Amino acid sequence: MISKFIFNNQYLFEELSEYDKEMLQKVMQVKNYRKNDAIFTEGTIPNGIFFLKKGKVKKYKVDNDGREQIIYIYNAGEFFGYSAILSNDSYGDTTQTIENSVIAFISKEDFLSILDRSEIFSKLLLKSLSHEFSVMANLMTVLSQRTVRERVALSLLILHKKYKSDISDKVYITLSRADLANMVGTANETLARILHDFREDHLIVMEGRKIQLTDLERLTRIANIYR
């Protein structure tokens, strides 16, 4: 059930034909980004799309009080920034790296040209947009109807999936406490108190800024995702 709260478009590139992959790779302009570098800002006009080759990127909106609400975290292998071009609109959110990252840029002209020539790419993007809308609707419902404790548990379960690696069985969530609070939609102090309670209940282990989940079953019950 946790899958209904997790959006992932890594399949976009993986399911393309070799010819389509080659077309995209030929027009990619690769750039290294440092942690906390901005990629694009809400309200600006898009001039291309992005493909995350390495690292992690947060997608967020800023409310009237200047507080961030993190909507999503992109992993390596995901495209982002394309919905604004497809809707012929400005960016509806802001993206920023949360660790050193390598990101490929594809210009708007190249993106639309490849889209016109690739029926598979068009269908996959439509599928991705539909899935993203469904996940965002589920998350908005959670933010409005769940307690902070439930939201913290759910956010940790989502991040556990995001930080999972093929290299190691152990999963360490390294998102900053400030970003985690912005993802949950709560104050840093409230988050710290709930994390302390989770540690005391042997649900998580904390090593500095690293968080490791030790009881996924109980956290799933606390998150109340079956409601």
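**View 1. A38 stands opposite Q96 in β7.** This close-up comes from a predicted model, in which local features need pLDDT of at least 70, side-chain atom pairs count only at pLDDT 80 or more, and totals for chains, interfaces and linings use all residues. Residues are numbered from 1 along each chain as its sequence is written, and side-chain values use heavy atoms, with hydrogens and water left out. Strand β7 (residues 94–97) is joined to β2 by two bridges, and the two run antiparallel. Here strands pair if DSSP finds at least two bridges between them. Helices (H or I, at least four residues) and strands (E, at least two) are DSSP runs, numbered from the N terminus.

**View 2. An open sheet is formed by four strands in the order β2-β7-β4-β5.** The pairing is antiparallel. At the edges sit β2 (38–40) and β5 (68–74), each pairing on one side only. From one strand to the next, the twist averages 30 degrees. As a handy reminder, strands of a sheet pair through backbone hydrogen bonds, either parallel or antiparallel.

**View 3. Six bridges pair β4 and β5 in the antiparallel sense.** Look for V62, which stands opposite E68 in β5. The hairpin of β4 and β5 has five residues between the strands, and G66 in this hairpin takes a positive phi near 85 degrees.

**View 4. Helix α5 (residues 119–145) packs on the sheet.** Helix α5 touches β4 (57–62) and β5, and its direction makes about 140 degrees with that of β5. Contact means heavy atoms within 4.5 Å. Axes are lines fitted to C-alpha atoms, for helices over the stretch in contact, and angles run from 0 to 180 degrees between N-to-C directions. Helix α7 (residues 177–184) also features here, lying across β4 and β5 and running at about 100 degrees to β5. Since five of the seven residues of β5 are buried, this strand is largely enclosed by the rest of the structure. Buried means under 20% relative accessible area (1.4 Å probe, protein chains only).

View 5. Of the 227 residues in the protein chain, 48% are buried. Among contacts between residues at least 6 apart in sequence, 73% join residues at least 24 apart.

Methods: Buried means under 20% relative accessible area, exposed over 50%, partly exposed in between (1.4 Å probe, protein chains only).
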